[in-house]
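Good morning. Please have a look at the model on the screen, and then I will go through a few of its parts.

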Amino acid sequence: EQFFISYGQKSNAELLLLYGFSLDRNPFNSVEISVGLLDDDPLYDEKKAFLQAAGRGDIEGQGLIFPLYNDRYPNELLECVRMLCVTPKDLEKPGAWGEGSTMVPLSALDLTTPLDDANEALVFEAIIEACKIGLERYPTTEDDDTALMSDRRMFKGLPQNARNAIRLRRTEKRLLKRTIATSERRLVQIRTGVLDPTPQPWKLPPKRFDQILDDIGVEIKP
């Protein structure tokens, strides 16, 4: 009787760490980015207290770590960055009978939905910046990795762990670049009210279409 083993919905980083292998096409891939408080934020103390009360990680060290996936932003990432991008003006509420204004606490804000266009634009600008910083941390570019993998003789001559690591880092770079592109389109929509049109995948040049399929883990067999 034939037996089947499922490793579950794991990214290549998890597969490599736990089992010592990675997949060329893995739809569950993810990459981590970090965001954090700015020292000169006028609401630094309030935001730090808010994060600590929520039990959120290493605020002053490596930052707040969140995963990025092929097809979505985690809700926790958006909610956190919305809070980080809040300005004192966002906390001002008109006083009774139109007299003056009062400051509401951060906990009074509904961070599960966009606060306003200005805040949401700052959110996606912050995500783009975090992704660019993530890309700069790699010693090679995506093109470098692709060129190395394309030289099959040289690539197969590398130890298996090295090949897996190269596949993993190229996938992570692609996820970061895709997130940047998606965030830039969202910024256009916020600022103009019009979603930036993108070509339908099947109308793209064959090489670009193949790359999209490869990125999301789809293989078309003849």
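When I say contact, I mean heavy atoms within 4.5 Å. Keep in mind that this is a predicted model.

Let me start with two helices, α4, residues 117-136, and α7, residues 160-192. Their axes come within 9 Å and cross at roughly 160°. Angles over 145 degrees count as roughly antiparallel, and α4 and α7 are therefore roughly antiparallel to each other. The crossing of α4 and α7 is left-handed.

Which residues in α4 and α7 meet? On the α4 side they include Phe124, Ile127, Ile128 and Cys131. On the α7 side they include Leu176, Ile180, Leu187 and Arg191. The residues of this contact between α4 and α7 divide into ten nonpolar, three polar and nine charged.

Now the cysteines. A disulfide is a covalent bond between the sulfur atoms of two cysteines. How many disulfides are there here? The count, with a cut-off of 2.5 Å between sulfur atoms, comes to zero. Take Cys85: the nearest cysteine sulfur belongs to Cys80 and is 9.3 Å away, and Cys85 is in no disulfide. Cys85 is also buried, at 13% relative accessible area.

Last, Arg169, which lies in helix α7. Leaving out residues up to four places away in sequence, Arg169 touches Tyr138, Thr140 and Asp145. Arg169 and Ala13 are 156 residues apart along the chain, and their C-alpha atoms are separated by 9.0 Å.

Conventions. Residues numbered from 1 in each chain as written. Predicted model: local features only at pLDDT ≥ 70, side-chain atom pairs only at ≥ 80, totals over all residues. Heavy atoms only, no water. Axes fitted to C-alpha atoms, helices over the stretch in contact; angles between N-to-C directions. Helix = DSSP H or I, 4+ residues; strand = E, 2+ residues; numbered from the N terminus. Parallel < 35°, antiparallel > 145°, perpendicular 65-115°, else oblique. Left-handed = near helix turned anticlockwise from the far one by under 90°. Nonpolar A, V, L, I, M, F, W, Y, C, P; charged D, E, K, R; others polar. Buried < 20%, exposed > 50% of the residue type's maximum accessible area, 1.4 Å probe, protein only.
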